[in-house]
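Trainee: I am new to this structure. Please take one part, the aromatic rings, and walk me through it closely.

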Amino acid sequence: MTHRDDLFTAFLQANGWGTAQRDAIKQDASKRRYLRLTRPSGTTCIAMDIPADATERPDDIVRITHHLRSIQLGAPEIYAVDAQNGFLLVEDLGPLRYADEFKSSPQLQKPRYIAAIDALVHLQHNAPAANLPVAGPDVLAQMIDPLFEYYIQAPCDPDQKQSLTKAFFKVLSENLTGQMVMSLRDCHAENLIWVAAKTGHARVGLIDYQDAFLTHPAYDIVSLVFDVRRDIPDDLRCDLIEHYIAQSGHDADHMKTAFALINVQRNLRILGVFARLAKQQKPHYLDWAPRTWAFIEQGLRDPCMAPIASEFRRIVTPPTPQHIQWLRTC
């Protein structure tokens, strides 16, 4: 037992969960630790253990959770917090995430995704949480840095990288106009849970939103419907995008251009992050690299990307089997 284990046990005991059964919940891309606690009576909750060297901060989780719940969205209730040591007890929304549910009940994809989009529209139509970081075109352009650092096999000249980032910023700034909204940032089927016992938008249970920021409204929709972890039929994706545009009231042409740009931006970054995780002994993330690349190619074909698409294709090569093998072993 470490000193941190002792602190964690004391936290659970102080809040009435000291004798509960502890079952780990898989969380392999973060230093966070999640446990499902079950009392002899059968009641459950989720314990979060966030070490000091994690990128997440307990205060951010608490602040954003309170905001989401204040506008009737499905964030879990917080039962207890030890911000100093990084421990939280929160409501258990259930074990069946969208991604798990779809494996046994694929017919639920459309109604579940529609409910999630309606919840995102509700989020975007409300004022954002206070003190969120801002991800405008400048930040979005810089966010692809992991691509250059970890994914590209041939070292990229710093001047070349700066020039391409600057050109990407120009395209983003010319097209991602309008009011920014609160984005959950990692809104996809792994981070959504259907909570049938609740009503309204709260039925869409939300987790892993501590990195929320202000950005273009397209960001969360792209995260949801261009999910590199799973196949979504093209006709379903088109229906979901059309539903979002109709419900949000945004101009269709503007939003479709924004979807293409954010698709390129998010997935260039994701390729870099997957390559970094592979270097951290987590090579299974590279299994999703081909789908990630397909989304990038789809976005690069949009007319809005014409000024820089050829330069991206010249510098960033597809994840061929040879390139994947290099990423797994370098």
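**A close look at the aromatic rings**

Mentor: This is a predicted model, where local features need pLDDT of at least 70, side-chain atom pairs count only at pLDDT 80 or more, and totals for chains, interfaces and linings use all residues. Residues are numbered from 1 along each chain as its sequence is written, and side-chain values use heavy atoms, with hydrogens and water left out.

Start with the rule. Rings of Phe, Tyr and Trp (its six-membered ring) pair if their centres lie within 6.5 Å; planes under 30 degrees apart are stacked, over 60 edge-to-face, the rest tilted. That rule gives 12 aromatic pairs.

Take Phe8 and Phe87. Their ring centres are 5.2 Å apart and their planes meet at 65°, so this pair is edge-to-face. The pair links distant parts of the chain, 79 residues apart: Phe8 is in helix α1 (residues 3-14) and Phe87 in strand β5 (residues 87-90). Helices (H or I, at least four residues) and strands (E, at least two) are DSSP runs, numbered from the N terminus. Both Phe8 and Phe87 are buried. Buried means under 20% relative accessible area, exposed over 50%, partly exposed in between (1.4 Å probe, protein chains only).

Ring pairs also bring in Phe11, giving a cluster of Phe8, Phe11 and Phe87. Arg33 lies over the face of Phe8, 4.8 Å from the ring centre. For such a charge, NZ of Lys or CZ of Arg must be within 6 Å of the ring centre and within 35 degrees of the ring normal.

Now another pair. Tyr285 and Trp288 are edge-to-face, 5.7 Å centre to centre with 80° between the planes. Tyr285 is buried at 9% relative accessibility. Trp288 is partly exposed at 24%.
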